Amino acid sequence: MRSGYDFVIAGGGVVGASVAFHLAELSDASVALLDRGEVCSGGTGRSCAIIRSHYSVASNTALTLRSLDVFRDFREALGEGDVECGFVNSGYLILSGPGAFADQLADNLARQRALGADTSSIGRAEARERHPWLELGDVAAIGWEPASGYADPVGTTNGYVTAARRRGVAVFENTPVERLRLAPASGPPAARVTGVTTPDGDVEAECVVSAVGPWTRGLYADSGLSDDAEALRLQVSRHVVLTFGSVAPYGPELPIVKDLTVDNKMYFRPADGGDVLVGTGDFGDPLEDPDRMTAAAPRDLVSLQQAQIGARMPAFEGAPLTDSWVGPYDITPDWNPVLGPAPSLPGLYLAYGFSGHGFKMAPAIGRCVAQSLLGEAPDVDLEPYRPERFEQEALLLGAYGSGSIS
Ligand SMILES: Cc1cc2nc3c(=O)[nH]c(=O)nc-3n(C[C@H](O)[C@H](O)[C@H](O)COP(=O)(O)OP(=O)(O)OC[C@H]3O[C@@H](n4cnc5c(N)ncnc54)[C@H](O)[C@@H]3O)c2cc1C
């Protein structure tokens, strides 16, 4: 490793990888991407990788629409003929019961159309044509996004890393940032970040990008910044994903479903091998340390999801659990990411808090963050995601209350 780079990016998840690629694509700056393990060994590797534009925060829709274009033509977007993001254009259905959510859904669909999304309200008959397995008797409003789908999070991240390497980015796996290097400043602020310390030595950087997701607080603490860690306003939780088998194969082209009729805002989509994959849109289990995540799926959650999926799709009544895994969410107070220069630490740029929905936005976020770092105007204004917004009470709250569909 060299002793210095223009940009050092800590964290080789989809966000760090996308930022690295775009910095190299847009400039001739020297860039190093460091992960403490293998690329994609954090939350990205556990992701369900659903890509939909249904949000009520306008900038989230704008970022996702740009990202969707990338997923739909990944090789073209990255300029590489051998990368693969595994996008499946299954479409996306969103179901609401009667009441407030049904009104919000109609409003949101109109708002997204105004932003250029291909989305509409459809009736139960059309929804059943698109997804014949569904029982929709209790559903009052249905949104439909034909262009949406899901992808392969590992393939996507590796694609960015491959393309970044070919543009000169130095990628170091099994290379943890042990701490941020701080130099005293005449202040305020009293210190600035000048690089990172790794087991292979110190590395200087004009700017360090922290993209370590659920490990952001830990990096602050290890750098002697425990007080500043509080201002991150970051909570970490454990999310469980379950797969269930069925009497007939659940085809890969069946639309993804978001079910707002249940309290946990369940979502489901095709999984490998003809199974269905089910997750929840709620907080999950609070987690002190993302490295101490128990892998077991709680029995009461399995029973609940089995009942919920069986009620929505009778073919899954009593369906056997075929697999499960867990992954960490990095959750901010408004369930939206933090993007911008760290307020009290010049030399550090923060990209964390993707709150369970960052995969779908990562292509556009990587480009916009890179543009900002290079002093250009980003395609989408990132100001709404500034770190200071919590203390300024300028939260980016969504129409459906707290949750990843903000
Ligand atoms: C179960 C689950 C399901 C999800 N489903 C969806 C979905 O359907 N759609 C969607 O859009 N989003 C989804 N998400 C969210 C999405 O996957 C994440 O928001 C996104 O992947 C976050 O990427 P990241 O790069 O910020 O973080 P991560 O992927 O967590 O990457 C952080 C990286 O930093 C590394 N690291 C940590 N500490 C250090 C250090 N000190 N030095 C160097 N490296 C370090 C880690 O090894 C890791 O590779 C889901 C997440 C989970 C967990």
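User: Let's start with α10. How many residues does α10 have, and what does α10 reach from first C-alpha to last?
Analyst: This is a predicted model. In it, α10 has 12 residues and reaches 16 Å from its first C-alpha to its last. That is close to the 16 Å expected at 1.5 Å a residue.

User: Is α10 mostly covered or mostly uncovered?
Analyst: Mostly covered. Of its 12 residues, 10 are buried.

User: Which residues of α10 are buried?
Analyst: Ala362, Pro363, Ala364, Ile365, Gly366, Arg367, Cys368, Val369, Ala370 and Leu373.

User: And what do the buried residues of α10 pack against?
Analyst: Two helices, α1 and α2, are among the partners. The strands β1 (4-10), β11 (201-210), β18 and β19 (348-352) are partners as well.

User: What happens just after α10?
Analyst: Gly375 takes a positive phi there, about 80°.

User: You mentioned α2. What is its span?
Analyst: Helix α2 covers residues 58-72, 15 residues in total. It reaches 21 Å from first C-alpha to last, close to the 21 Å expected.

User: Which of its residues are buried?
Analyst: The buried residues of α2 are Ser59, Asn60, Thr61, Ala62, Leu63, Thr64, Ser67, Leu68, Val70 and Phe71.

User: What covers the buried residues of α2?
Analyst: The cover includes β3 (50-51), α3 (74-78), α4 (100-114) and α10 (362-373).

User: Where is Arg52, relative to α2?
Analyst: Arg52 sits in the loop between β3 and α2. From Arg52 to Leu68 is 16 residues in sequence and 8.0 Å in space, C-alpha to C-alpha.

User: Why does Arg52 count as buried?
Analyst: Because Arg52 has 27 C-beta neighbours inside 10 Å. The cut-off for buried is 20 or more.

User: What does Arg52 touch?
Analyst: Leaving out residues up to four places away in sequence, Arg52 touches Tyr92, Glu145, Ser148, Ile256 and Lys360.

User: New topic, the largest nonpolar core. Which members touch the most others?
Analyst: Val8, Ile9, Ala10 and Ala20 do, in a core of 122 residues. Helix α1 (residues 14-26) gives the largest share, 8 residues. The core also draws at least three residues from each of domain 1 and domain 2.

User: What is Ala20 in contact with?
Analyst: Ile9, Val31, Leu33, Ala164 and Val169, leaving aside neighbours within four places in sequence.

User: Which strand holds Ala32?
Analyst: Ala32 is in strand β2 (residues 31-34). Ala32 is buried, with 24 other C-beta atoms within 10 Å.

User: What does Ala32 touch, and how far apart are Ala32 and Tyr220?
Analyst: Not counting residues up to four places away in sequence, Ala32 touches Met1, Tyr5, Val8, Ile9, Ala170, Phe172 and Val203. Ala32 and Tyr220 are 188 residues apart in sequence and 20 Å apart in space, C-alpha to C-alpha.

User: How is the protein divided into domains?
Analyst: Into domain 1 (4-50 + 154-233 + 334-389) and domain 2 (89-147 + 235-331). Their C-alpha centres lie 30 Å apart. The contact takes 15 residues from domain 1 and 16 residues from domain 2. On the domain 1 side, that is 7 nonpolar, 7 polar and 1 charged.

User: Now the ligand. Which residues come nearest?
Analyst: Gly13, Gly42, Gly213, Gly327 and Gly358, of the 40 residues around the ligand. The elements giving two or more residues to the shell are α1, β12 (235-244) and β17 (321-331).

User: What classes make up the shell around the ligand?
Analyst: The shell divides into 19 nonpolar, 17 polar and 4 charged residues. At least three come from each of domain 1 and domain 2.

User: Back to backbone angles. What is phi for Lys265 and Trp335?
Analyst: Phi of Lys265 is near 45°, a positive value in a residue other than glycine. Phi of Trp335 is near 60°, also positive in a residue other than glycine.

User: Where do Lys265 and Trp335 lie?
Analyst: Lys265 is in the loop between β13 (256-259) and β14 (267-270). Trp335 is in the loop between β17 and β18 (338-341).

User: Buried or exposed?
Analyst: Lys265 counts as buried, with 20 C-beta neighbours inside 10 Å. Trp335 is buried too, with 25 other C-beta atoms within 10 Å.

How values were computed: Residues are numbered from 1 along each chain as its sequence is written. This is a predicted model: local features need pLDDT of at least 70, side-chain atom pairs count only at pLDDT 80 or more; totals for chains, interfaces and linings use all residues. A nonpolar core is a set of buried Ala, Val, Leu, Ile, Met, Phe, Trp, Tyr and Cys residues joined through C-beta atoms within 7 Å. Helices (H or I, at least four residues) and strands (E, at least two) are DSSP runs, numbered from the N terminus. Domain bounds come from an automatic or database domain assignment. Two residues are in contact if their C-beta atoms, placed from the backbone, lie within 7 Å. Ala, Val, Leu, Ile, Met, Phe, Trp, Tyr, Cys and Pro count as nonpolar, Asp, Glu, Lys and Arg as charged, and the others, Gly among them, as polar. A residue is near a molecule or strand if its C-beta atom, placed from the backbone, lies within 6 Å of it. The expected span of a helix is 1.5 Å times one less than its number of residues.
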